[in-house]
Amino acid sequence: MAQFIRNAWYVAAWSEEVQRKLLPRTILNEPVVMYRRENGEPAALLDSCPHKLAPLSLGELKGDDVECGYHGMMFDCTGKCSRIPGQPNIPPSAKVRAFPVVERYNAVWIWMGEPELADPSQIVEVPHYGEDGWGLVDGQYLHFKSNYLNITDNLVDPAHTTYVHKRTIGGASASDVSVKVEQGDSHVLAYRWIKDEPPVPLFEKMGNFKGNTDRWQYYYLHMPSVSYVDFGGIDTGVEPTEDNKDKGLRSYSFNFLTPETDSTTHYFWLHVRNYHPTNEDVDRDVEHLMTLTFNEDLDILEEIQKEQDRTGIRERVRLGIDNAPARIRKMVERRVAAEQPTDSA
Ligand code: FES
Ligand SMILES: [Fe+2]
């Protein structure tokens, strides 16, 4: 059975995808149709007409209402039926489920759980987003044929970098530096420091280091499936306060994973950095490198998914490096279990 946390915010689309037309997208195994209202606000309904279950996305957007393409029933952005052609009375069951949506970080976030619990302050914070002195690459999307938890495994697993990312970000001599793991109420953190080493190629190219560097990799996974990597370096000997780290070379790589089905995932990503913040060539470099890197993950994760589907087995042996991934899966399991009594799905 699918392990989806429903009472959580997921990125449903980049803002620019949601226009004055009907955009269908499957999220947590449910068909959703999104559009933008006349006042510019996004809206999301179950993409399934309550009459004969025709996908509403095959109909038309009329004002703020969606007209079903089969017999013309109309629904407003709250899911209430506003018109049944040839019938004056509207039965109480003539309604469609509406999902809370909110726009943040240039993305439309959706709440697939109980609407009254939807609190936008729970959306994860992206540090330095849109601030002066910080560059941004966003609007990026990949479609993974992989269960989202296989991807969260991967995103808190520094050990795979050396092997999967040989041609991109791997190859640095860090495979033997141990990873520490910490856990909060709704996040797991795996991190390591690689101290007193010559600058890696990115630092040489983009930084302004005097000699050796201390560099850090902090891999966060926020419930349900937002991953971000805080990565950077400072001159060896400089105290690693947040302020000093901001003055070194630093980036935040965010991955917003939205389960599509049990075995496929929408993968939205953005990248915030403090080096050459307004340089478009650097924007392109970041986009190019991250896309190559994530596609390396995609390739191996899709093969893993196939083998898991063939065998019905997820792993035959657990290693020390699986500490952080195992904690995430446990956290997800607990949340999914806690939602069961009130789950209306
Ligand atoms: S199926 Fe939508 S109005 Fe009939
Ligand atoms: Fe990776």
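Okay, let's start with Glu-302: leaving aside neighbours within four places in sequence, this residue is in contact (heavy atoms within 4.5 Å) with His-143, Phe-144 and Lys-145. Before I go on, this is a predicted model, where local features need pLDDT of at least 70, side-chain atom pairs count only at pLDDT 80 or more, and totals for chains, interfaces and linings use all residues. Residues are numbered from 1 along each chain as its sequence is written, and side-chain values use heavy atoms, with hydrogens and water left out.

Back to Glu-302, which is found in helix H5; helices here are DSSP runs of H or I, at least four residues, numbered from the N terminus. Glu-302 is buried but has no salt bridge. Buried means under 20% relative accessible area, exposed over 50%, partly exposed in between, with a 1.4 Å probe and protein chains only. A salt bridge needs a side-chain nitrogen of Lys or Arg within 4 Å of a carboxyl oxygen of Asp or Glu. The nearest side chain of opposite charge is Lys-145, 4.6 Å away.

So which pairs do make it? By this rule the count comes to 21 salt bridges. Take Arg-329 and Asp-153, with the closest N and O atoms 2.9 Å apart. That pair links distant parts of the chain, with Arg-329 in helix H6 (residues 323–339) and Asp-153 in helix H1, 176 residues apart. Both partners, Arg-329 and Asp-153, are buried.

Helix H1 (residues 148–155) is mostly covered, by the way: eight of its eight residues are buried. At its start, a side-chain oxygen of Asn-147 comes to within 2.7 Å of the backbone nitrogen of Leu-149.

For contrast, look at Glu-303 and Lys-306, a salt bridge at 3.1 Å, N to O. Both sit in H5, three residues apart, about one turn of the helix. Glu-303 is partly exposed at 46% relative accessible area, and Lys-306 counts as exposed at 54%.

Now the core. The largest nonpolar core has 72 residues, and Ile-110 and Tyr-267 have the most contacts inside it. The rule is buried Ala, Val, Leu, Ile, Met, Phe, Trp, Tyr and Cys residues joined through side-chain atoms within 4.5 Å. Helix H5 (residues 280–311) gives the largest share, six residues. Domain 1 (9–121) and domain 2 (131–342) both contribute, so this core lies between them; those bounds come from an automatic or database domain assignment. The C-alpha centres of the two domains are 33 Å apart, and 15 residues of domain 1 are in contact with 18 residues of domain 2.

Conventions. Chains lettered and ligands numbered in written order. Helix = DSSP H or I, 4+ residues; strand = E, 2+ residues; numbered from the N terminus. Lys, Arg positive; Asp, Glu negative; His and termini not counted. Polar contact = N/O pair within 3.5 Å; in protein donor to acceptor, adjacent residues only side chain to side chain.
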